[in-house]
Amino acid sequence: QGSGWYYRMAGERIWRSLWGWFGWTHIPLPEWMYGFCAGSALLALTGFILRGIRKGKKFDMHLVLFFGSGWLLAFMAALARGVIYMDSQNMFFPVARYVAPFIIPALAALSFGWLEVGRVLRNGLQRAFPKASLWEAAWLGPALGGVLWLSFAILAIVNVVNYYGGWVILR
């Protein structure tokens, strides 16, 4: 049967708990929210790559390789964490806390990616609407991202509260 099933399930558990899997992994987010996170991360990663292409020689590839190898090692260590339990009755699948060294550099890369996405969006809006001021175009990307992520946070809180019996806290 091999061990591919273990790595697939462990990778999924790490990914989901990175974005939100609450109550000691008893309360997952709705499925579409994980898709939203994947799409958002993919868009930010695309922005990060575009930023590297645009910066050219100014873009420090040594830094990218340093953080990239750190990400790879953190994920490999996290995936290997539960391998010793494969022949046990109590299976163990790691969660996102095992990739803690990855989280800050990943957020930095995603943030730089979102900055690039905002820049591309702003430039596109300025070409499409040349009479609009730079300020109007500049705040649109961050405002849209902020509203989307605030909505995501509110929905996650509602999901957790509903799991524990609804809005009992407010009564």
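At roughly what angle do the axes of helix H1 and helix H4 cross? In this predicted model, the axes of H1 (residues 4–19) and H4 (residues 61–81) cross at roughly 115° and come within 9 Å. The crossing of H1 with H4 is right-handed. On the H1 side, the residues that meet H4 are Tyr-6, Tyr-7, Ala-10, Gly-11 and Ile-14; their partners in H4 are Phe-75, Ala-78, Leu-79 and Arg-81. By class, the residues of this contact comprise 7 nonpolar, 1 polar and 1 charged.

H1 also packs against helix H3 (residues 31–55), with axes that come within 10 Å and cross at roughly 90°. H1 and H3 are therefore roughly perpendicular to each other. Here Trp-15, Arg-16 and Trp-19 of H1 meet Glu-31, Tyr-34, Cys-37, Ala-38 and Ala-41 of H3. The contact of H1 with H3 has 6 nonpolar and 2 charged residues, and no polar ones.

| Helix pair | Axes come within | Crossing angle |
|---|---|---|
| H1 and H4 | 9 Å | roughly 115° |
| H1 and H3 | 10 Å | roughly 90° |

A further site concerns Glu-116, which lies in helix H5 (residues 100–128). Is Glu-116 buried or exposed? Its relative accessible area is 1%, so Glu-116 counts as buried, the cut-off being under 20%. The side chain of Glu-116 makes a polar contact of 2.8 Å with the side chain of Arg-119. Beyond its neighbours within four places in sequence, Glu-116 is in contact with Gly-47, Leu-50, Arg-51 and Arg-54.

How values were computed
Residues are numbered from 1 along each chain as its sequence is written. This is a predicted model: local features need pLDDT of at least 70, side-chain atom pairs count only at pLDDT 80 or more; totals for chains, interfaces and linings use all residues. Side-chain values use heavy atoms; hydrogens and water are left out. Axes are lines fitted to C-alpha atoms, for helices over the stretch in contact, and angles run from 0 to 180 degrees between N-to-C directions. Helices (H or I, at least four residues) and strands (E, at least two) are DSSP runs, numbered from the N terminus. A crossing is left-handed if the near helix is turned anticlockwise from the far one by less than a right angle, and right-handed if clockwise. Contact means heavy atoms within 4.5 Å. Ala, Val, Leu, Ile, Met, Phe, Trp, Tyr, Cys and Pro count as nonpolar, Asp, Glu, Lys and Arg as charged, and the others, Gly among them, as polar. Buried means under 20% relative accessible area, exposed over 50%, partly exposed in between (1.4 Å probe, protein chains only). A polar contact is a pair of N or O atoms within 3.5 Å; within protein, one must be able to donate a hydrogen and the other to accept it, and residues adjacent in sequence count only if both atoms are side-chain atoms. Angles under 35 degrees count as roughly parallel, over 145 as roughly antiparallel, 65 to 115 as roughly perpendicular and the rest as oblique.
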